[in-house]
Structure formats: C-alpha cells, structure tokens
Amino acid sequence: SAISEKGGRVVAGVTLSWRELLRRKLASMQWQLLVLFAAAADVVMLIAQFTTQVSLAAVFTVTAIVLSIFVADIALRLYCYRMLFFRSLWSLFDFSIVVASGTFMILELHDGDVGIATGAVSVARGGRTVRAFMIALRSLRAVRALRMIG
C-alpha cells in the first residue's frame, strides 16, 4: 500500500503512517506525563522565583527547557492533526499560551534586563500553570477510565 511504501509501520496487523504513529505517541501516558512534569517544574520555578532568592539564570534555564518541551508538543500536534488542531479549544489555548510565552521570553532575551517583560512573562507563566492543571485533570481522568476498564 501507499502507506507502507512511505515507511509506515505495522501495528497489530494494521499498517499505520508515521503521522498516525506520532498521534498515538502524543496521546500516550508517557508523553502526557512528560508534559505534566515540565509544567510542574515551571510552576515550582515560578513559586521559587517569588518566594526565595533563586538565581535568575536558573529560572531562565528551567523556563527555556520547559518552553522547548511545550513548543515541541505544539509543533508535533500541528504536524499530526494539521487543521484539525485548530478545532479544539484546548489546542488553541495551548497554542496561544506557548506563543505568548515564547514571545515574552524572546523580548526578555533581547531586552537583557528583566524589567519590561517580567510582568508579561509572569502572566504567560500563569497561563502555563493553568495549562498544567488542565493536563493533570486530563491525566487523572484517563487513569480513572483505565481503572474502570480493568
């Protein structure tokens, strides 16, 4: 078939395209946990930034790593779902939060000072905190559904 000629893989006797394999990976519990842990690390750094004297370099490094994971997640979902990505309100919310966070991080990098962009970065991080909470809720629903099946 055309899919196997393009390098698709056989799963349970069915040949799947790379896009479908990636969709399954993005829906897997492992990927969801990676994104959840990244969001949790971002929340911890946000709390640490305002409650302790943590270095700005550490905050910036963790934020850059977390944002990279989120950008990869959005890019892979855009590749997999194409225009269907934009039909989901959660996807639109994720997309807008990640784009805003990336924009503010670039502004902060360009500014060299944490002055102007700090408030905007905090707002974007707040949005990512909401995103983390929603990911956690979705993961808990998935675990609950698996328990009911088993």
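Modeller: Helices (H or I, at least four residues) and strands (E, at least two) are DSSP runs, numbered from the N terminus. This is a predicted model, in which local features need pLDDT of at least 70, side-chain atom pairs count only at pLDDT 80 or more, and totals for chains, interfaces and linings use all residues. Residues are numbered from 1 along each chain as its sequence is written, and side-chain values use heavy atoms, with hydrogens and water left out.

Biologist: How many helices and strands does the protein have?

Modeller: There are 6 helices and 2 strands. Their pattern along the sequence is α-β-β-α-α-α-α-α.

Biologist: And at what angle do the axes of H2 and H3 cross?

Modeller: Helix H2 (residues 18-27) and helix H3 (residues 29-51) have axes that cross at roughly 55° and come within 4 Å. Axes are lines fitted to C-alpha atoms, for helices over the stretch in contact, and angles run from 0 to 180 degrees between N-to-C directions.

Biologist: Which residues make the contact?

Modeller: Lys25, Leu26 and Ala27 of H2 meet Met29, Trp31 and Gln32 of H3; contact means heavy atoms within 4.5 Å.

Biologist: Changing topic, which residues of H2 are buried?

Modeller: Arg19, Leu21 and Leu26 are buried in H2, where buried means under 20% relative accessible area (1.4 Å probe, protein chains only).

Biologist: Why are they on the same side of H2?

Modeller: They lie on the same side because they cover an arc of only 160° around the axis. The arc is that of the directions from the helix axis to the C-beta atoms.

Biologist: What share of the protein is buried?

Modeller: Of its 150 residues, 30% are buried.

Notes:
Buried means under 20% relative accessible area, exposed over 50%, partly exposed in between (1.4 Å probe, protein chains only).
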